[in-house]
Amino acid sequence: MNPEPKQTDEDTFEVVNGGADAWRTLLTRTVPQLYGMFIKRSVHPALAEELTQKTVFDAIRGRTGYDPSKGSPRQWLFTIASNNLALE
């Protein structure tokens with residue numbers, strides 16, 4: 001797995017404030033890694049796709065609940081993903 005791309009304070013600010021470009025960049029970088037995490041945890045590819053989609057949907061729907069003091073946007077997405085996997 002590739003190391004986490006450097007997340008700047010400006011990137012975090014843009015994600016928190018709903019900047020479309022910041023969200024696009026975050027998701028472009030992170031979605032393949034989320035899918036890979038599900039596959040590595042022995043999830044069937046179709047279920048991995050479904051869980052990846054659910055994670056993105058949950059993040060966008062719950063974006064106002066993101067708290068930058070608790071971690072980067074990427075860490076937040078992986079927490080949502082882990083929670084979705086645990087519920088399966």
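The protein chain holds four helices and zero strands, helices being DSSP runs of H or I with at least four residues and strands runs of E with at least two, numbered from the N terminus. Along the sequence the elements follow the pattern α-α-α-α. The model is predicted, and local features are reported only at pLDDT of at least 70 and side-chain atom pairs only at pLDDT 80 or more, whereas totals for chains, interfaces and linings use all residues. Residues are numbered from 1 along each chain as its sequence is written, and side-chain values use heavy atoms, with hydrogens and water left out.

The mean pLDDT of the protein chain (the predictor's confidence in each residue, from 0 to 100) is 84, and 80% of the residues reach 70 or more. Confidence is lowest in helix α1 (residues 9-16), with a mean of 58, and highest in helix α3 (residues 45-61), with a mean of 95. Where pLDDT is low, the predicted coordinates should not be read in detail.

Of the 88 residues in the protein chain, 38% count as buried; buried denotes under 20% relative accessible area, exposed over 50%, and partly exposed the range in between (1.4 Å probe, protein chains only). The accessible surface of the protein chain is about 5,600 Å², and carbon and sulfur atoms contribute 53% of this surface. These areas come from the Shrake-Rupley method with a 1.4 Å probe, and for residues only the protein chains shown count as cover. Contact is defined as heavy atoms within 4.5 Å. Among contacts in the protein chain with a separation of 6 or more, 62% are between residues 24 or more positions apart.

Helix α2 has 21 residues, which at 1.5 Å a residue should span 30 Å; the end C-alpha atoms of α2 are 30 Å apart, in agreement. The expected span is 1.5 Å times one less than the number of residues in the helix. A kink of about 35 degrees is found in α2 at Thr30, shortly before the proline Pro32; the bend at a residue is the angle between axes fitted to the seven residues ending there and the seven starting there. The buried residues of α2 are Ala22, Trp23, Leu26, Leu27, Thr30, Gln33, Leu34, Met37 and Phe38. An α-helix has 3.6 residues a turn, so residues three or four places apart point the same way.

Leu27, in helix α2, is buried at a relative accessible area of 16%. Apart from residues up to four places away in sequence, Leu27 touches Pro32, Val56, Ile60 and Leu77. After α2 comes Ser42, which lies in the loop between α2 and α3. Phi of Ser42 is near 60 degrees, a positive value in a residue other than glycine, and Ser42 is exposed, with a relative accessible area of 69%. In helix α3, Thr52 is buried at 7% relative accessibility. Thr52 touches Val31, Leu34, Tyr35 and Phe38, with residues up to four places away in sequence not counted.

For helix α4, 15 residues at 1.5 Å a residue should span 21 Å, and the end C-alpha atoms are 21 Å apart, which agrees. Buried residues in α4 include Pro73, Arg74, Trp76, Leu77, Phe78, Ile80, Ala81, Asn84 and Leu85.

A search of the whole structure finds two aromatic pairs. The ring centres of Trp23 and Trp76 are 6.3 Å apart and the ring planes are at 70 degrees, so this pair is edge-to-face. Rings of Phe, Tyr and Trp (its six-membered ring) pair if their centres lie within 6.5 Å, and planes under 30 degrees apart count as stacked, over 60 as edge-to-face and the rest as tilted. The pair links distant parts of the chain, with Trp23 in helix α2 (residues 20-40) and Trp76 in helix α4 (residues 73-87), 53 residues apart. Both Trp23 and Trp76 are buried, and the relative accessible area of Trp23 is 8%. Ring pairs link Trp23, Tyr66 and Trp76 into a cluster. Trp23 and Ile60 are 37 residues apart in sequence, and the C-alpha to C-alpha distance between Trp23 and Ile60 is 8.8 Å.
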